Amino acid sequence: MTHGHLDPASREPIDPDVDLRHPAPAEVRASEPLVVAAIAVGGAIGASARYLIGLAWPTPSGSLPWATLLMNVVGCALIGLLMVLVSEVWTRHRLLRPFLGTGILGGFTTFSTYAVDIQGLLNDGHPVTALLYLAITVIGALAAVWVTTTATRALVHRRSR
């Protein structure tokens, strides 16, 4: 400890899959291509699913982008479920979180389309719809993560008794 603060080098990594603060041991460096491959394959799957849903459920001009809204909320719900499972149940499967969380669900959810949708609604003279979409997405996504994390954690702990 220096000057009442924790030494940054002594803290645990925030993300155990990738820790940029320290040189990785040889065994971790050797597995990095597997992590990157898992993320890439998962991302291709998630982004493809998002693209196909967007094609199947186009948004008429000036209306709420329901497909993107639902993809983001459902994706966040699945992230809440997944994070409990990979951190408390399936802890030995190192590639699950990068493949499912960062890859598939990261590719499936989309902040960029959300931002473009809001900008389009504003540019087309639909500020109320844009603000409604902005609020519903944020509230829905946060609520989805909280509900599924809380429910999954309760089920996992009940099952382990």
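Visitor: What do buried, exposed and partly exposed mean here?
Guide: This is a predicted model. Buried means under 20% relative accessible area, and exposed means over 50%. A residue in between is called partly exposed.

Visitor: Is Arg-153 buried, exposed or partly exposed?
Guide: The relative accessible area of Arg-153 is 34%. Buried would need a value under 20% and exposed a value over 50%, so Arg-153 is partly exposed.

Visitor: Which side chain meets that of Arg-153 in a salt bridge?
Guide: Side chains of opposite charge can pair when their charged atoms come close. In the salt bridge of Arg-153, the N to O distance is 2.8 Å. The partner is Glu-88.

Visitor: How many residues apart in sequence are the parts that this pair ties together?
Guide: Arg-153 lies in helix H5, whereas Glu-88 lies in helix H2. The pair therefore ties together parts of the chain whose separation in sequence, in residues, is 65.

Visitor: Is Asn-72 buried or exposed?
Guide: Asn-72 is found in helix H2, which covers residues 66–88. Leaving aside neighbours within four places in sequence, Asn-72 is in contact with Thr-109, Thr-110, Tyr-114 and Thr-137. Its relative accessibility is 6%, and the cut-off is under 20%, so Asn-72 counts as buried.

How values were computed
Residues are numbered from 1 along each chain as its sequence is written. This is a predicted model: local features need pLDDT of at least 70, side-chain atom pairs count only at pLDDT 80 or more; totals for chains, interfaces and linings use all residues. Side-chain values use heavy atoms; hydrogens and water are left out. Helices (H or I, at least four residues) and strands (E, at least two) are DSSP runs, numbered from the N terminus. Buried means under 20% relative accessible area, exposed over 50%, partly exposed in between (1.4 Å probe, protein chains only). Contact means heavy atoms within 4.5 Å. A salt bridge is a side-chain nitrogen of Lys or Arg within 4 Å of a carboxyl oxygen of Asp or Glu.
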